[in-house]
Amino acid sequence: MNELCTVILAAGQGTRMRSKLPKVLHPVAGLPMIAHVIEACRPLCATRTLVIAGHQADRVKQALAGEALEFVSQPDQRGTAHALLQTTEALAGFDGDLLVVSGDTPLLTSQTLADLLWSHRETHALATVLTTELPDPTGYGRVIRSATGAVLRIVEELEATQQERQIREINAGVYCFAAQALFLAIQSIRPSAVKGELYLPDAIALLRDRDGGVQAHRVDDPDEVRGVNTRAELADIHRILWRKSAERLLAEGVTLLDPERAYIGPLVRIGSDSILYPNVIIEGQTVIGEGATIYSGCRIRDSTIGDDSVILDGCVIQESQIGSGCHVGPYAHLRPEAQLRQHAKVGNFVEIKKSIVGEGSKVPHLSYIGDTAIGERVNVGAGTITCNYDGFAKHRTVIEDDVFVGSDVILVAPVSVGRGAIIAAGSTITENVPPDALAFGRARQVNQSGSASVFRSNHRKE
Ligand code: UD1
Ligand code: CA
């Protein structure tokens with residue numbers, strides 16, 4: 001089998017978005033648009049993936065750091081064929097199949113890409129273009145076929161005649177090419193008379209009469225190949241994506257009280273018998289177990305939530321791990337690396353960052369817990385705060401099993417509280433508390449008898 005390389009076109013500014021952010025970095029369900037494309041390409045196991053970056057290339061590179069990608073620069077964007085030309089050096093000598101996708105088609109699926117590649121290899125075509133029929137093809141390149149149905153060329157909307165604009169079969173902007181044939185053909189592509197750009201779709205007309213010819217691979221679901229050029233199209237993409245996720249989850253046994261108000265990303269997994277109230281946003285690689293309940297107004301991202309856990313209204317949960325049978329919220333904020341072990345409880349107006357809340361432990365009200373390890377069966381009183389930052393560095397707090405922390409306690413880190421200790425309400429704890437100790441860290445109260453009436457009469461005189 002031929003070797004496969006992938007090229008992702010991502011150098012354009014995306015003028016029609018009217019944005020400072022490069023188009024391919026606009027978030028779709030919490031991930032940059034181009035990350036969805038990379039995800040769709042992944043299962044094809046291309047030996048190399050090249051990303052053409054130009055407009056704000058550094059920003060694009062930064063957003064994709066950590067991925068096995070090669071970046072090729074296209075400093076001035078003179079069209080999609082010009083973009084491909086930039087890879088001539090990087091791909092010199094490469095004689096395999098080249099999959100070309102746009103960074104702005106985030107709903108593409110791996111299945112469709114695999115089907116396209118399979119059909120390309122089976123027909124031994126020099127080029128296979130992915131197409132679909134759109135009810136409203138406005139803005140897309142149209143596929144011109146001969147009377148017998150052979151693909152002749154692709155015409156861009158701007159250059160199309162009135163008659164050609166009636167054609168509803170469009171170029172999805174995804175292609176498989178025999179690499180050598182493509183590089184030869186793009187040498188002969190001439191700038192468009194209207195825009196002055198070099199159009200990659202022009203390669204189709206140039207290759208069609210050569211041995212092997214060109215093919216089209218039609219995809220049935222037109223939504224899959226929708227490109228994003230405008231904010232309105234970005235909104236369409238989200239609607240489609242959320243609807244698809246909702247349909248998938250309903251089929252998998254998840255209750256969505258209002259499927260039209262479930263904003264769930266494509267990579268999210270949710271176990272059966274879980275219930276989602278309206279207006280929940282779940283993004284990234286989030287995994288929720290079975291029988292969990294998520295109430296309205298929660299935003300959850302790149303987190304795991306165990307079976308039977310309940311997340312009450314208005315919580316923000318990011319990069320956190322929540323065990324089974326936990327209770328969170330309402331209005332809790334779990335920041336990255338918050339870990340709740342099973343049956344833990346984090347209540348209203350509590351913020352947890354980079355901390356473990358051990359099995360059966362509770363932080364029920366108005367607390368900040370940062371850089372802390374809380375053991376099992378610990379009760380943290382209302383208003384307790386870990387002072388983890390001294391203006392220079394972060395410090396850790398350790399609270400061992402069975403500790404009782406009274407209300408409104410300040411724990412000045414680094415500090416540790418031994419197993420079974422009790423901390424009196426209102427204490428400021430600056431020194432370690434040994435196991436089983438009762439710690440008081442506050443001034444003694446003074447009751448001056450009769451002084452209240454003296455105070456009042458003094459004030460009346462004034
Ligand atoms: C393109 C196709 C059109 C197709 C549509 C599908 C061309 C000329 N037209 O149109 O036939 O129906 O996609 O969505 O290819 N890019 C670069 N460098 C450039 C120009 C563009 O890297 O110089 C990148 C863009 O960042 C984008 C992709 O190529 O990711 C497509 O460019 P875009 O301007 O969106 O093309 P369309 O007008 O949508
Ligand atoms: Ca586009």
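In which loop is phenylalanine 349 found? In this predicted model, phenylalanine 349 sits in the loop between strand E27 (345–348) and strand E28 (351–353). Its phi is near 55°, a positive value in a residue other than glycine. Aspartate 402 also has a positive phi, near 60°. This aspartate belongs to the loop between strand E35 (397–399) and strand E36 (404–405). Aspartate 402 counts as partly exposed because its relative accessibility is 32%. Most residues other than glycine have a negative phi, and most peptide bonds are trans.

Cis peptide bonds were examined next. The bond from glycine 329 to proline 330 is cis, with omega near 0°. Proline 330 lies in the loop between strand E24 (327–328) and strand E25 (333–334). The bond from alanine 413 to proline 414 is likewise cis, its omega being near 0°. Here the proline falls in the loop between strand E37 (410–412) and strand E38 (415–417).

The largest pocket holds about 1200 Å³ of space. The largest share, four residues, comes from E10. The lining comprises 39 residues. Arg16, Lys23, Thr80, Asp104 and Asn229 lie nearest the pocket centre. By class, the lining has 13 nonpolar, 18 polar and eight charged residues.

The second largest pocket holds about 510 Å³. Its lining is made of 18 residues, with Leu107, Leu108, Thr109, Pro266 and Leu267 nearest the centre. Helix H1 (33–41) and helix H8 (231–251) each supply at least two lining residues. H8 provides the largest share, five residues. Eight of the lining residues are nonpolar, four are polar and six are charged.

Salt bridges number 28 in the structure. Side chains of opposite charge can pair when their charged atoms come close. Glutamate 39 pairs with arginine 42, and the closest N and O atoms of this salt bridge are 3.1 Å apart. Glutamate 39 counts as partly exposed because its relative accessibility is 27%. Arginine 42 is also partly exposed, at 41% relative accessibility.

A second salt bridge joins glutamate 376 to arginine 377, with the closest N and O atoms 3.2 Å apart. Glutamate 376 is partly exposed at 30% relative accessibility. Arginine 377 is partly exposed too, with a relative accessible area of 46%.

In the salt bridge between arginine 248 and glutamate 252, the closest N and O atoms are 4.0 Å apart. Arginine 248 has a relative accessible area of 21% and is therefore partly exposed, since buried means under 20%. Glutamate 252, at 39% relative accessibility, is partly exposed as well. Beyond these pairs, a network of salt bridges links Glu133, Arg145, Arg168, Glu169 and Arg218.

Phenylalanine 440 counts as exposed because its relative accessibility is 56%, and the cut-off for exposed is over 50%.

Threonine 128 lies in strand E7 (residues 127–133). At 0% relative accessibility, threonine 128 counts as buried. Threonine 128 and alanine 216 are 88 residues apart along the chain, yet their C-alpha atoms are separated by 5.3 Å. Glutamine 321 is placed in strand E23 (residues 321–322). Glutamine 321 is partly exposed, with 40% relative accessibility. Its C-alpha atom is separated by 40 Å from that of tyrosine 175, a residue 146 positions away along the chain.

Technical notes. Residues numbered from 1 in each chain as written. Chains lettered and ligands numbered in written order. Predicted model: local features only at pLDDT ≥ 70, side-chain atom pairs only at ≥ 80, totals over all residues. Heavy atoms only, no water. 1 Å grid on protein atoms, 1.4 Å probe; cavity = no way out; pocket = protein on both sides within 12 Å on 5 of 7 lines; lining within 4 Å. Points joined across faces, edges and corners; volume = space filled by probe spheres on them. Nonpolar A, V, L, I, M, F, W, Y, C, P; charged D, E, K, R; others polar. Buried < 20%, exposed > 50% of the residue type's maximum accessible area, 1.4 Å probe, protein only. Salt bridge = Lys/Arg side-chain N within 4 Å of Asp/Glu carboxyl O.
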